[in-house]
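Work through the exercises below with the sequence and the model open. Try each task before you read its solution.

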Amino acid sequence: MAEEPISAYETCLSMLREGDRDRYLCALLVPENVRGSFSALYAFNLEIARIRESVSDPMLGELRLQWWRDVIGGKARGDAMANPVAAALIDTMYNHALQPGPLLNMIDARQFDLYDDPMPDRNTFEGYAGETASTLIQMSVNAVDPQSASGTGDAAGHAGVAQLVAGTLLLLPTHRARGQIFVPGDILDACGLDRDGFLAAKQTDRIGNAVQGFIALGREHLAAARYSMEAVPKSAFAAFLPAATVQQVFDKAEKLGGAILEQPLAIPQWRRQWRFWRAARRGRI
């Protein structure tokens, strides 16, 4: 039996509280009439982002991604709506006339997560960020203020890349434990590192330089996002809230340098929560 939309949205919010606390805090700060829609989009992102950690084989992950493709395309077998995230997502797509294309692109991009192939270069990283973090921001704009969606693409694109750089910095020890590298290969090359050297975490100075180069990429996109957001109406700002802690992450990562591979970059929740609250009040990330 399909879960009622209201209950499904509540389940999504509960899932975020446990699995993606930052977006949970942001969902609490968005206008109440779109909180459920944001929760559904964020929970969908959480579901496909954590497939790698929940499967023992990449092919099992591929099957899960295909299931989500079938859900979004209306081809899922059985009662897909019994899944609360699927139910809330389909309801959100209907309520806001969201097109399936961007969501399908998010799924396709997440195939990269299932394998240990290194991120080859900055352009590829930016493309990956564009299909994941940036698309999530843009879909959120479509939910909260569809009239302004056509003018927020640049801001969403840059904010998403900056946000993914920050997210990658936070997860570097986890990625290293899995043998994954999301830091672009051309940045590693410029610092005299290869995949094995980075994962070994012994060349601290070179790793520190690579981290600084990666942060510089994030700061570049953060500056561009802030510039582009001058044209973003206040009604659409809620979609950009998750990027409000990006600078905070960059600042702390710079201090850690090469030690970041072994020393998790942790920022107290109250500090993150205060950043989100202040950003929501000021309308600036």
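The lining of the second largest cavity splits by class into five nonpolar, two polar and one charged residues. The model is a predicted one.

**Exercise 1.** Find the residues that line the second largest cavity, and sort them by class.

*Solution.* 
- Step 1: list the lining. Leu172, His175, Arg176, Gln180, Ile181, Phe182, Phe198 and Leu261 line this cavity.
- Step 2: sort. Arg counts as charged, and Leu, Ile and Phe count as nonpolar.
- Step 3: find the main contributor. Helix 10 (residues 172-178) gives the most, with three residues.

**Exercise 2.** State how many cavities of 30 Å³ or more the whole structure has, then describe the largest cavity.

*Solution.* 
- Step 1: count. The search finds two.
- Step 2: give the volume. The largest cavity has about 40 Å³.
- Step 3: name the lining. Arg23, Tyr42, Ala133, Leu136, Ile137, Ser140, Gln163, Ala239 and Pro242 line the largest cavity.
- Step 4: sort by class. Six are nonpolar, two polar and one charged.
- Step 5: find the main contributor. Helix 8 (residues 122-144) gives the most, with four residues.

**Exercise 3.** Which residues of helix 14 (residues 246-256) are buried, and what covers them?

*Solution.* 
- Step 1: pick the buried residues. They are Val246, Gln248, Val249, Phe250, Ala253 and Leu256.
- Step 2: look at the cover. It includes helix 9 (153-170), helix 13 (204-228) and helix 15 (269-282).
- Step 3: go just past the helix. Gly257 there takes a positive phi of about 60°.

Note on methods
Residues numbered from 1 in each chain as written. Predicted model: local features only at pLDDT ≥ 70, side-chain atom pairs only at ≥ 80, totals over all residues. Heavy atoms only, no water. Buried < 20%, exposed > 50% of the residue type's maximum accessible area, 1.4 Å probe, protein only. Helix = DSSP H or I, 4+ residues; strand = E, 2+ residues; numbered from the N terminus. Contact = heavy atoms within 4.5 Å. 1 Å grid on protein atoms, 1.4 Å probe; cavity = no way out; pocket = protein on both sides within 12 Å on 5 of 7 lines; lining within 4 Å. Points joined across faces, edges and corners; volume = space filled by probe spheres on them.
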